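Please open the model in a viewer and keep the selection tool at hand.

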Amino acid sequence: MANKDVSNDIGWFAVWAVHNNKRFRYQQYRPVKYEITPIMRYDCSSFAALCYRVAGAGDPNGPVYHYNGWGNTDTLAQNGRRIPARLARPGDLAIFNVGKPLNTQHVAVVVQRDSNLPLLVSMGQEGDPSFCRANQDPRPVTYFRYDTTQKWPPLAYGA
C-alpha cells in the first residue's frame with residue numbers, strides 16, 4: 001500500500017500554530033524534541049521540521065537526521081529539491097539566503113499556493129508563528145520540496 005501524501009497536513013499544522021501562537025516561544029537549541037506540549041519552544045528550522053513530524057512525513061533534514069533533533073536551516077537546504085516559486089504548494093519550504101556560505105538564515109512553511117507569492121508561516125526571532133510573504137523580507141528566497149509521504153504516525157495536536 002502506498003504511503004499517503006501529507007503535504008496539506010503540514011500546512012494545516014502551520015496554520016494551527018498561528019491560531020495557537022500563545023503556545024509557542026522562540027528558542028534556538030539542539031537537540032530539539034519534536035513533541036506537542038502546552039508551551040512549545042522552537043526556532044524556524046525546528047518549527048518547519050515539527051510541521052513535518054506532526055503530519056507524519058519524513059524528516060525534511062534528511063534520513064541521516066531521522067528526527068534526532070540536530071537538523072538546521074542549512075541541512076534543510078541541502079536535502080530539499082529546488083522548485084520555482086510559482087510551483088510552491090502547502091508543505092514546501094521557503095528558505096532565505098540560500099547559497100551564502102554559512103549564511104542561510106531563515107525558513108518558513110508554505111501554507112497556501114498563490115501565484116508567485118505563496119502564503120507562508122514563519123516562526124522566528126520576530127515572534128511567535130505568523131503569516132507572511134517572501135516579499136516582506138529583503139533576503140532572497142528559494143523554495144524547496146521534500147518527500148511528504150507519510151512515514152510516521154502523526155503527532156496529535158489540537159485543543
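Throughout this tour, contact means heavy atoms within 4.5 Å. The model is predicted.

Begin with Pro 90, in the loop between strand E3 (81-83) and E4. Leaving aside neighbours within four places in sequence, Pro 90 is in contact with Ser 7, Asn 8, Val 110, Val 111, Gln 112 and Arg 113. Is Pro 90 buried or exposed? Pro 90 counts as buried because its relative accessibility is 15%, and the cut-off for buried is under 20%.

The C-alpha atoms of Pro 90 and Val 110 lie 4.9 Å apart in space, although the two are 20 residues apart in sequence.

Now extend the selection to the whole of strand E5, residues 106-112. This strand is mostly covered, with six of its seven residues buried. Which strands pair with E5? Strand E4 (residues 93-96) runs antiparallel to E5 and is joined to it by four bridges; Phe 96 has His 106 as its bridge partner in E5. Strand E6 (residues 119-124) is also antiparallel to E5, again with four bridges. To view this pairing, select Gln 112 together with Leu 119 of E6, which stands opposite.

Finally, move to helix H3 (residues 73-79) and select Thr 75, which is placed there. With a relative accessibility of 7%, Thr 75 counts as buried. Display its surroundings: beyond neighbours within four places in sequence, Thr 75 is in contact with Pro 60, Asn 61 and Tyr 65.

Technical notes: Residues are numbered from 1 along each chain as its sequence is written. This is a predicted model: local features need pLDDT of at least 70, side-chain atom pairs count only at pLDDT 80 or more; totals for chains, interfaces and linings use all residues. Side-chain values use heavy atoms; hydrogens and water are left out. Buried means under 20% relative accessible area, exposed over 50%, partly exposed in between (1.4 Å probe, protein chains only). Helices (H or I, at least four residues) and strands (E, at least two) are DSSP runs, numbered from the N terminus. Two strands pair if DSSP finds at least two bridges between them.
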